Amino acid sequence: MNKKIFYTFFTTILFIIFLYTLSSISFAWGDPQIVTKINSAFESIKDWLLKIATPAAAVAVGTGVFMKKFSFGDEEKIRTGKKLINGALFSYAFILAIDLILSAIKSLIS
């Protein structure tokens, strides 16, 4: 009976020691390499989108303004111009908010 308690106690202590020793070795000190690559990929995609979206939004808003200006009273062209302006501004605002969205995702992940 005494040996059984000793062996149970001894194996439990060894298990706890190995558990803490191996778990401290497996943790990395910084971000893993794949997380760093994903973060840099998100940043480059964001920069690329901003470079493309700024002139595209300007062209879309300009086209909508010219459609409204040169509609000559045609209600359909006026509505189309308003929809084009509203869609372009909403899309550009969403693209500008990508930085906030990505920082929210990073804070949830970390």
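**Salt bridges, burial and contacts**

Reply: Let's start with Arg-79: in this predicted model, Arg-79 is partly exposed, with a relative accessible area of 45%.

Me: Is Glu-76 buried, partly exposed or exposed?
Reply: The relative accessible area of Glu-76 is 47%. Buried means under 20% and exposed means over 50%, with partly exposed in between. So Glu-76 counts as partly exposed.

Me: How many salt bridges does a search of the whole structure find?
Reply: One of them is the Arg-79 and Glu-76 pair. The side chains of Lys-46 and Glu-43 meet in a salt bridge as well, at 3.4 Å from N to O. For the whole structure, the search gives 2.

Me: In which helix do Lys-46 and Glu-43 both lie?
Reply: Lys-46 and Glu-43 are 3 residues apart, about one turn of the helix. Glu-43 is partly exposed at 28% relative accessible area. The helix that holds both is H2.

Me: Is Lys-46 buried or exposed?
Reply: Lys-46 has a relative accessibility of 13%. The cut-off for buried is under 20%. That value falls under the cut-off, so Lys-46 is buried.

Me: What does Tyr-92 touch, not counting residues up to four places away in sequence?
Reply: Tyr-92 sits in helix H3 and is partly exposed, at 23% relative accessible area. A touch here is a contact, with heavy atoms within 4.5 Å. The residues touched by Tyr-92 are Ala-53, Thr-54 and Ala-57.

Me: How far apart in space are Tyr-92 and Leu-49, C-alpha to C-alpha?
Reply: In sequence, 43 residues separate Tyr-92 and Leu-49. In space, C-alpha to C-alpha, the distance is 9.9 Å.

Me: Where is Phe-72, and what is its phi near?
Reply: Phe-72 lies in the loop between helix H2 (33-69) and helix H3 (75-96). Phe-72 is exposed there, because its relative accessible area of 74% is over the 50% cut-off. Its phi is positive, in a residue other than glycine. The value is near 55 degrees.

Me: Zooming out, how do the elements of the protein run from the N terminus on?
Reply: The protein has 4 helices and 0 strands. From the N terminus on, that reads α-α-α-α.

Me: What share of the contacts with a separation of 6 or more is between residues 24 or more positions apart?
Reply: The Tyr-92 and Ala-53 contact is an example of a pair from the touch list above. Across the protein, among contacts with a separation of 6 or more, the share from residues 24 or more positions apart is 56%.

Key:
Residues are numbered from 1 along each chain as its sequence is written. This is a predicted model: local features need pLDDT of at least 70, side-chain atom pairs count only at pLDDT 80 or more; totals for chains, interfaces and linings use all residues. Side-chain values use heavy atoms; hydrogens and water are left out. Helices (H or I, at least four residues) and strands (E, at least two) are DSSP runs, numbered from the N terminus. Buried means under 20% relative accessible area, exposed over 50%, partly exposed in between (1.4 Å probe, protein chains only). A salt bridge is a side-chain nitrogen of Lys or Arg within 4 Å of a carboxyl oxygen of Asp or Glu.
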